[in-house]
Amino acid sequence: IGAGIITVGSKGSAICPCAIANPPTSEIEERHLNRPRISDVLRAAVNLSQMHRALKRKKFSTVIADLDACKKPKSDCGLEIGNRAREIASAFHWLNTFVTRHDQCLLRSLAMIKSLRMNGVPSTMIFGIATRPFSAHCWIQYQDVVLNDTIEAVSYTHLRAHETRED
């Protein structure tokens, strides 16, 4: 609450859910992903390492501000943005083989959104909670497509949606 990630309801007791522009309706299934480019896998690994270090050393609000300041490089890639989002998701899915994803949704989402941002792909990091039993989760979407999880795994009450856009 103090960091501005969530807000208290008007009666002071409930947490207000947020509305998101594109509720999740589909996911990228691992079996339909192409083999990732080695450069995307290396960038994903570097971003995972950088976000791990940033979360240990900085306030969360500073980590988010740093992501917002991240500028995309000029690219002659020519790929459609949706295809680029899929390629980046493929690199992160491939890393799941080597780097655990259990209880790492924040780290993995921050690293993925950084990779997407660096490639000019507009995306949204969504934070959600479930109350019975209590759990919290975050994930990345490109439009209404969940990039780093399944539809079943993102059935949470949405607390915050943090969007990145192309410059």
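Analyst: Let's begin with burial: a residue is buried under 20% relative accessible area, exposed over 50% and partly exposed in between, using a 1.4 Å probe and protein chains only. Please keep in mind that this is a predicted model, where local features need pLDDT of at least 70, side-chain atom pairs count only at pLDDT 80 or more, and totals for chains, interfaces and linings use all residues. Residues are numbered from 1 along each chain as its sequence is written, and side-chain values use heavy atoms, leaving out hydrogens and water.

User: Why does Ile129 count as buried?

Analyst: Its relative accessibility is 14%, so Ile129 falls on the buried side of the cut-off. Ile129 belongs to strand 2; strands (E, at least two residues) and helices (H or I, at least four) are DSSP runs, numbered from the N terminus.

User: Which residues does Ile129 touch, not counting those up to four places away in sequence?

Analyst: They are Phe134, Ser135, Ala136, Tyr156, Thr157 and Leu159, where contact means heavy atoms within 4.5 Å.

User: And what makes Gln143 partly exposed?

Analyst: Gln143 has a relative accessible area of 48%, so it is partly exposed. This residue sits in the loop between strand 3 and strand 4 (145-146), and has a positive phi of about 55° although it is not a glycine.

User: Why is helix 1 called roughly perpendicular to helix 3?

Analyst: The axes of helix 1 (residues 38-57) and helix 3 (residues 81-95) cross at roughly 65° and come within 9 Å. That angle makes the pair roughly perpendicular: the class runs from 65 to 115 degrees, with under 35 roughly parallel, over 145 roughly antiparallel and the rest oblique. Axes are lines fitted to C-alpha atoms, for helices over the stretch in contact, and angles run from 0 to 180 degrees between N-to-C directions.

User: What makes a set of residues a nonpolar core?

Analyst: The members are buried Ala, Val, Leu, Ile, Met, Phe, Trp, Tyr and Cys residues joined through side-chain atoms within 4.5 Å. The largest nonpolar core here has 30 residues, of which Met112, Leu116 and Leu147 touch the most other members. Helix 1, helix 2 (60-69), helix 3, helix 4 (105-118), strand 2 and strand 3 each supply at least two residues of this core. A second, separate core of five residues includes Ile20, Ile126, Val146 and Val154.
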